[in-house]
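Please look over the following predicted model with its sequence beside it. The notes below are grouped by topic.

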Amino acid sequence: MSEFWLISAPGDKTNLQAWERMNTVTSKSNLSSNSKFHIPDLKVGTLDALVGLSDELGKLDSFAESIIKKTAQYIGEVMEDSKDKVQENLLANGVDLISYLTRFEWDMAKYPIKQPLKNISEALAKQVTQIETDLKTRSAAYNNIKGNLQSLEKKTVGNLLTRTLADIVHKDDFVLNSEYLITLLVVVPKSSYVQWQKTYESLSDMVVPRSTKMIAEDAEGGLFTVTLFRKVMDDFKAKARENRFMVREFYFDEKELKCEKEELMKLASDKKQQYVTFATDLPKHLSLRNGFVVPTDSCELHLAHKTEGPLLRWLKVNFSEAFVAWIHVKALRVFVESVLRYGLPVNFQAMLLQPNRKSVKRLRDVLNVVFKHLDEVAAASLMDPGMDIPGLQLSNQEYYPYVYFKIDLSLLD
């Protein structure tokens with residue numbers, strides 16, 4: 001993305017000539033790309049109202065920016081499998097953000113210009129606040145699914161001592177429903193395979209001969225079954241531990257294992273569906289299996305048509321809404337500050353500059369020289385930062401002879 005400067009200066013003849021000079025110099029020297037930023041004739045109201053609104057808009061500006069950033073970050077999280085496509089999903093009114101900015105048009109339907117500025121500001125604040133509230137609700141639901149899935153997925157990784165065995169063991173590996181016999185699972189280090197085969201039958205009495213087999217293996221060791229009489233189980237466990245063979249506390253329960261598998265699949269599906277769902281309204285000769293469209297009469301596979309999931313769809317729509325609202329807040333700030341700075345009647349020209357990253361300081365110097373006549377005191381302090389000029393109060397908001405606000409799209413990278 002990029003950084004933009006939204007500036008304004010009085011629109012009288014002298015300053016329009018200054019605009020042309022600035023535009024010519026910056027364009028020829030490749031300091032910035034410039035475009036006029038059109039702000040309609042809004043209702044001014046009283047001076048006191050403008051001063052109060054100036055502070056409110058500053059807070060709303062920061063708030064809207066934070067919501068845009070959160071929404072963009074969440075789009076990135078939901079699209080974790082398609083990170084390279086996140087930027088193309090960050091749109092405003094259906095176009096990329098730079099195009100929207102450089103061709104900005106006030107939305108007369110959403111924010112009628114005949115109403116007081118405070119009403120417009122309150123409408124924008126209400127809109128952004130609602131997006132924040134909805135985002136919290138939707139993100140909490142998604143995070144709950146994601147958290148539960150991660151908890152279950154953690155059980156599927158790790159070594160054979162700790163990981164779930166639901167996807168490893170099978171009914172045929174166990175002696176089931178026996179009053180006397182039981183099958184245990186033992187984790188044996190790789191270096192001890194030979195020792196296990198030689199000694200497991202003699203670790204205790206009543207071990208069924210030749211009852212062991214390896215059913216799984218990882219980098220550290222293997223998972224072996226062994227069948228013995230129930231009454232020697234505790235003795236066998238103790239002797240196995242002495243020989244560095246670790247018995248897993250596991251008893252085969254087909255229903256429980258099935259529930260665990262189904263829960264994992266359901267959570268994975270729920271999470272995926274928030275991002276992308278597969279079309280299921282298919283012709284009769286096609287069916288859907290595991291995300292693939294399968295012709296009923298053949299084994300040929302075709303990818304199913306993909307549609308956006310509800311969460312991603314909501315995020316994209318509301319990112320656009322929040323971004324559009326944010327730029328209208330910027331436009332309001334330019335209008336209010338221009339009236340407060342340059343006075344009545346309302347007559348100023350706003351322009352959007354996209355600085356060349358390598359020429360930011362030079363561009364700032366050019367602007368200060370071209371518009372220094374707007375505020376000689378501030379211009380003097382900018383040209384010589386060491387000067388102590390009584391009465392000049394510089395706040396956290398950067399101050400220049402002209403009205404200036406930054407629009408930083410790099411926060412969305």
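A search of the whole structure of this predicted model finds 20 aromatic pairs. Two of these pairs share Phe174 and are taken up below, where Phe174 is paired with Phe250 and with Phe252.

**Aromatic pairs around Phe174**

- A pair of aromatic rings is described by the distance of the centres and the angle of the planes.
- Phe174 and Phe250 form a tilted pair, with 6.0 Å from centre to centre and 40 degrees between the planes.
- Because Phe174 lies in the loop between helix H4 (117-154) and E5, while Phe250 lies in the loop between E8 and helix H7 (254-275), this pair ties together parts that are 76 residues apart in sequence.
- Both Phe174 and Phe250 are buried.
- Phe174 also forms a tilted pair with Phe252, for which the centres are 5.1 Å apart and the planes stand at 35 degrees.
- Phe252, too, is found in the loop between E8 and H7, whereas Phe174 is in the loop between H4 and E5, so this second pair ties together parts that are 78 residues apart in sequence.
- Phe252 is buried, as is Phe174.

**An aromatic cluster and an arginine over its rings**

- Ring pairs link Trp5, Trp19, Phe371, Tyr400, Tyr402 and Tyr404 into a cluster.
- Arg364 lies over the face of Trp5, at 3.8 Å from the ring centre, and Arg364 also lies over the face of Tyr404, where the distance to the ring centre is 4.3 Å.

**The four-stranded sheet**

- Four strands form an open sheet in the order E6-E7-E5-E8, and their pairing is antiparallel.
- Strand E6 (213-217) and strand E8 (246-248) stand at the edges of this sheet with a single partner strand each, which means that one side of each is left without a neighbour in the sheet.
- On average, and with direction ignored, neighbouring strands of this sheet are turned by 35 degrees against each other.
- Strand E5 (residues 181-189) is joined to E8 by three bridges, and the two strands run antiparallel.
- Val187 has Met246 in E8 as its bridge partner.

**Strands E1 and E15**

- Strand E1 (residues 3-10) and E15 run antiparallel and are joined by six bridges.
- Leu6 has Phe405 in E15 as its bridge partner.
- Strand E15 (residues 403-408) is largely enclosed by the rest of the structure, because five of its six residues are buried.

**Helix packing**

- Two packed helices are described by the angle between their axes and the distance between the axes.
- Helix H1 (residues 13-28) packs with helix H9 (residues 360-370) at an angle of about 160 degrees, and their axes are 10 Å apart.
- Since angles over 145 degrees count as roughly antiparallel, H1 is roughly antiparallel to H9.
- The crossing of H1 and H9 is right-handed.
- The axes of helix H2 (residues 47-78) and H8 come within 8 Å and cross at roughly 155 degrees, which makes H2 roughly antiparallel to H8.
- H2 passes H8 in a left-handed crossing.
- Val329 lies in helix H8 and is buried, with a relative accessible area of 0%.
- Val329 and Leu57 are 272 residues apart in sequence, while their C-alpha atoms are 6.8 Å apart in space.

**Backbone geometry to check**

- Most residues other than glycine have a negative phi, and most peptide bonds are trans.
- The peptide bond from Leu344 to Pro345 is cis, with omega near -5 degrees, and Pro345 is found in the loop between helix H8 (310-342) and strand E14 (348-355).
- Asn30, a residue other than glycine, has a positive phi near 55 degrees, and Asn30 is found in the loop between H1 and strand E2 (32-36).
- Met206, likewise not a glycine, has a positive phi of about 60 degrees.
- Met206 lies in the loop between helix H5 (193-199) and E6, and Met206 is partly exposed, with a relative accessible area of 38%.

How values were computed
Residues are numbered from 1 along each chain as its sequence is written. This is a predicted model: local features need pLDDT of at least 70, side-chain atom pairs count only at pLDDT 80 or more; totals for chains, interfaces and linings use all residues. Side-chain values use heavy atoms; hydrogens and water are left out. Two strands pair if DSSP finds at least two bridges between them. Axes are lines fitted to C-alpha atoms, for helices over the stretch in contact, and angles run from 0 to 180 degrees between N-to-C directions. Rings of Phe, Tyr and Trp (its six-membered ring) pair if their centres lie within 6.5 Å; planes under 30 degrees apart count as stacked, over 60 as edge-to-face and the rest as tilted. Buried means under 20% relative accessible area, exposed over 50%, partly exposed in between (1.4 Å probe, protein chains only). A charge sits over a ring if NZ of Lys or CZ of Arg is within 6 Å of the ring centre and within 35 degrees of the ring normal. Angles under 35 degrees count as roughly parallel, over 145 as roughly antiparallel, 65 to 115 as roughly perpendicular and the rest as oblique. A crossing is left-handed if the near helix is turned anticlockwise from the far one by less than a right angle, and right-handed if clockwise.
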